[in-house]
Each structure stands twice: as structure tokens, then as C-alpha cells.
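Colleague: I have a model open and a few quick things to ask. Can we go through it together?

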Amino acid sequence: MPSSIAKLTPPTATGIDLPGVDEMLSAAVEAVGGQPREGQQRMVRAVRAALQEGEHLAVQAGTGTGKSLAYLVPAIRHAMANDTTVVISTATIALQRQLVDRDLPRLAEALAPVLGRKPTFAILKGRRNYLCLHRLSGPDEVDDGEQLFDPFAISAMGRHIKRLHEWSSSTDTGDRDELVPGVPDTAWRQVSVTARECLGVSRCPIGTDCFAERARHEAGRADVVVTNHALLAIDALENRSVLPEHDVVVVDEAHDLVDRVTGVATAELTGTSVAIASRRCGKLVDQAVADRLHEASEGLDMVLEDAPLGRWENGLPAPVAGALTAVRDATTACRMGLGSERREDPEHATQRKLALALLDEVNETSSRLLAAFAEEDVTKRYDVVWLAEQGPASAEPTSGGSARGRVLRIAPLSVGGLLRERLFGPRTVVLTSATLTLGGSFDALARQWGLPAEQPRPEGAQRTEHIESDPIPDPDAPRWNGLDVGSPFQHERAGILYVAKRLPTPGRDGLPPSYLDEIAELVTAAGGATLGLFSSMRAAKQAAEALRPRLDQPILCQGDDATGLLVKKFAEDDATCLFGTLSLWQGVDVPGPSLRLVLIDRIPFPRPDDPLVSARQRAVDARGGNGFLTVSATHAALLLAQGAGRLLRGMDDRGVVAVLDPRLATARYGGFLRASLPPFWPTTDPEVVRAALRRLATKAATP
């Protein structure tokens, strides 16, 4: 039985007579020429029951289950029966496109005869993803910090802006993803606005033609709206109604939910971002007030250069606290200088709104940083604060900050409480992925989502003692159920899990010669067809450079070209190998003989000096749990399962997952990690594995 008794009120039906989900699923499967699948049928009934009862549901559905249909069918039925909208949230653009361009159109055609009309659907993204016609029609500005002083950058920017002007007259959606080839972020920011920067449809002179408003309007009329985890988080956590009114959310790729929500809830501050806020004020405020903010930006830059890098545990350094106070007070003064909203000419209103948006963001972040250490008990603090170096290759900062220099970041220690209150509280949520049970249990991810642990385990699974235990069950906690519908693949017959137990434990100085020798022998036996998943780009490049002269098989390495093009080349030639890092661990879908070997160099634990990871581990330790196993092992288990899941993508696929890190077989936590992987046939014998790979290579080469 579930460990909690709180229950959501199920929605009220409208009395529409609709077929059952089994009949709808049969019609859909027949229309696409598919075959009934037991796991898919179990999932569709479980989702239907969850929506009827108002209970949350977590479903692990392995590759090949057909989980998209299994949640779309009951979602559509619920939307039509209750005259409401169901939100589908995904983590990746690839899945969004699959749903909107393939699955939903085919499903709508298949269900129209049994439902009496075609179900409707729409895609909705954050406002920044849509072209802003009003911004485009304004004066050309380059508001990107140091690029102002680079004439070549300004010239390139002009070409991009000209192209965007031309595209604006032909696009029907203004959706950035439809612009091929794309433009750099710096150019796109000149023709788009965030929700804070938007004038609003009633005040914007081009509001009636707004692409973002048109997308929202279409979404409000649809049965199903497809969005992303980031926009879902903004809608739920920031009290901004960016999504249509809805009582059901289906979270696909739910293993990524916590990271995406954490990203939305993370803020950062640089001296450059404060300087840009000052420049945006321009002539809108008294020059002395704008100068005060500019001086505060210079002061922040100076103190950050002298401050210690890494996570700050004992409070803000005094100079930093002083600089942040100056930033907070100066942004407050600038905001007051802008005055209250008044009827202005559209151009002045736009400049005021752009300035106000960044002022508010800088003010809120500086205030949040100043309040981060108010709680003396480290385990009760809500936020984690750290200072990092930010090079040109790093991710673009928020707040319009520079791509260079030092950046002060603040992130929530946990998002479980936020998710429990803002996501699971008001609506019914279905979470699904091919990877949700870690160590044989849903508990690890449930705890991150803010749901109570101690739920029923997948059949045959054993409880692990490696994860932090919950205290006395909370009677007010959300009620939920977990279901593992399995996979149509026979993993024990289709795949081998090989752990190179005889190799040394990996160190910090790159791949040792024994690892390179092992990779060479495995790739040779497989005849290529190898996806090499490495823990760092440094290791991937080292392996590629060292093995290219030694092997006959071509080796592609991430970074040589666009990742999508590399994956395409890899899939087209079954002798080719592809080596890479994090983005290849998830989402690579290469069925057939082009992939016979998935090679993993080491257990993908997070970096021990990662500020957020180390803070979360310390918090678990302080509560009497095992922080390393609860945080780092869970992270590693999730990535390992995702990486191993690249092997079998079709019913006829066969191959080997080879893990070179012997700790998977020898360490105490190895059992937890292995229990998180698909149930491949296990071995530590290299001769057995090489022989199996040679047989697969011979079979693939036989006409």
C-alpha cells in the first residue's frame, strides 16, 4: 500500500460518451500498422486509472514499449471528456518534435473516427523562443556587453539581423527552431523578449500580430499542449500563468525533471550584467542614478576578482556583501527613477520595459544572495552559493551577463519541496521515462521530486540500504503509485554487460595505457560499430587521437563537427566509431548493425568539487544519511542506465555494453549501480566478450 493517504479530487466529467482507452489504443495501433504490446496496454490502463482517481503515477517504460501512445491516448480522452487541456512536458527538442510532427498527427487521424472529431494539439515554448515583431521594428541595437567594441562582431550581427528581418515576412510561427540555419544567441536576443521584457498584448502596437500570443491562443484551445520542462517549471514555480489552465501534466523524460527545474531556479550575477542594466537605463533616469549603478557594477567586478572560488559555506565575504548591497540599493534607486508606468510612445515604453526587466532580475538576485546565509544551520539553508570562472565556451549566463570573467551563482539545495507544493499539489501528474527505477526502486527519484518514498517496488526488486531513509511518513504527502511495465526486449539474450574487472581503478591523469589497449581490442573484435561514452571530453579526445593510428576503423569524435551530423555519419557506416561525452549518453537512437558495442570508460560520478553536489551530499550526511550514495551514486546510476540504454533500440539489435571501470564489479555500491541497468547477461571475462563481438561483426558482414 502507498505510504500516504492524501488524495487529489478527481476532475468532474462532462458526460460525453467516449470509447474506453483500450478501444482507442487498438484503433491507434491498427492505424499505424503496429502490434499490441503488453507493456503498452498495462501503461495505458494505469494512466487512465491515475487520471480518474486523481493520483500521481510514475511509470518506467523501456525502449520499444510505445509509451508515447500509452499516455497520449488516456490524455486525449481525459481532455475531451472534461473539456480541458492536458499538458505534455518533455526535456528534449527531439521528443517535442517527435510528438508534434509524428505521433500526435497520426494519432489524431486514427482517433477521429471513434471520437467523432480530430483531437487538437499545439506546441508552446517560452516567449524568448518567438520573434518579437515590435522589437524587430525598433532601432537596431547591440546590447551584448563587450561585443560593442568588436567591429567584426557588429558587422556579423548586422548580417544576422538583416536575415531575421527577411525571415519575419515569410514565417507563420516566428519560432526560432524553424529558422534553418539558425543564428547565434547574441543576434536572437536583439529580436526577442522575455516575459518580463514584453509590453503586453494590450499595450504593444503590434500585439495583435504577436507570434508568442498567437501560440498561447492556439494552445488554450487545444486538447493537448506539448511544452518543455523549463516552461513547466516557470509556470509552476514562478506563479506565472504561461501555460493554459490544466489539471493534468504528463512529464515524459521525467529522469531529467529535477535538473531542468534546478536550472530554472538558479540565478547568477556578474559585474557585466549589472553594467548592462545601467546602460539600459540610459536617458530614462537621472544620470547620477545610472552612474551609481555603473559604479556598483565596477565594484562587484573588483571584489569578485579577489574572492575565493568555489562554494561559500560560512557566509558572504565582507567585500562581496558590501558590493551586493550597493548593487541592490542602486537597482532600487534606478527602478524608482523610472517611475510608475504611464502612457508613453511605444518606443519609450519598450526601452523602459527592457530596463525594468533587467533591473528587477539583478535586484532580486542580489537580494537573494544577501539573504542566503540568514539561517545559521547549514542543513536548513534553502540556497547554495558559489563563485566560478566563466570562460567563452561555457553556457550563456542569465541576466544578459558576459561570457567571460567570474560569475556568482545561487541555486536551491533541493527542488523537491517546490515540486511537491507547486506541481503535485494543484494537479494530477504522470511521470514516465525508460529510466526511473534506480537500484531497483523508484525511491531515489521520488525523493528528488518531493514525493514520499517507501512505495511499492517493481516486481522482484530488492530494497537497497544505500539510500537515505525517510523519517516518519507524512500523512499529508501526495499519494502516488509506481509501475514498471518492462521492455519488449529480452535483455539477457540480446545483450551482454561486460565489466573489465581486471583493469586498474581509473585515476585523474587521463586514460591509462591498459584502458586504451582494452578499447582497441574491443573495437577490433566488434569491427567498429562502437559508441564510446566518456566521462570527459578530454578522455574522449585522448582515446580518439591514440587509437586512430592503431585501428582500421574510422573514429569520429564529438567536437569534430555538429553532433547531429556526427551521429548521422555513425549510423550510416557500421564500421565507424563515435566517441563523445555527456550529450551522447542520452538521446542517441541508432538501431541496427551500426551499433554493436557501447563502451563506457568509467562510472559517471559527478565532479567531487561540484558546488551543488557537494552541498547536497553534506546536507544528507548531516541528517544521518550517506550523502555520497544518495547524491553521487544516484546521479551515476541514472547516467549509466541512460548510456546502457543506447545499445538496444530495435527488436533485432544485439550487442555488448562494456564498462571499463572495475568498481562496478568490486565496490560496495556496485550492486546498486548494476541493479539500475537493464538486465543484460553479465560477465567479467574479456575472451567471452571479444568472441561474442566477433560473431556479431561476422553476422553483420554476411549479405
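Modeller: Buried means under 20% relative accessible area, exposed over 50%, and partly exposed in between, with a 1.4 Å probe and protein chains only. This is a predicted model, where local features need pLDDT of at least 70, side-chain atom pairs count only at pLDDT 80 or more, and totals for chains, interfaces and linings use all residues. Residues are numbered from 1 along each chain as its sequence is written, and side-chain values use heavy atoms, with hydrogens and water left out.

Colleague: Is L164 buried or exposed?

Modeller: L164 counts as buried because its relative accessibility is 0%. It sits in helix 6, residues 151-168. Helices (H or I, at least four residues) and strands (E, at least two) are DSSP runs, numbered from the N terminus.

Colleague: Which residues is L164 in contact with, beyond its neighbours within four places in sequence?

Modeller: L136, L179, V183, A187, W188 and V191. Contact means heavy atoms within 4.5 Å. V191 is 27 residues from L164 in sequence, with 8.1 Å from C-alpha to C-alpha.

Colleague: Switching to helix 9. Why is it called largely enclosed?

Modeller: Because 7 of its 9 residues are buried; helix 9 covers residues 229-237. The buried ones are H229, L231, L232, A233, D235, A236 and L237.

Colleague: Which residue caps the N-terminal end of helix 9?

Modeller: N228 does, with a side-chain oxygen 3.1 Å from the backbone nitrogen of A230.

Colleague: Now pockets. How much space lies in the second largest pocket?

Modeller: About 420 Å³. On a 1 Å grid over the protein atoms alone, a pocket is an open set of points where a 1.4 Å probe fits, with protein on both sides within 12 Å along at least five of seven lines; lining residues have an atom within 4 Å of a point.

Colleague: What lines it?

Modeller: The second largest pocket has 19 lining residues, with V100, I123, T173, D175 and E178 nearest its centre. Helix 4 gives the most, 5 residues.

Colleague: And how confident is the model?

Modeller: The average pLDDT is 87, and 89% of the residues score at least 70. pLDDT is the predictor's confidence in each residue, from 0 to 100. It stays under 50 over residues 1-15, and also over residues 455-467.

Technical notes: Points joined across faces, edges and corners; volume = space filled by probe spheres on them. Polar contact = N/O pair within 3.5 Å; in protein donor to acceptor, adjacent residues only side chain to side chain.
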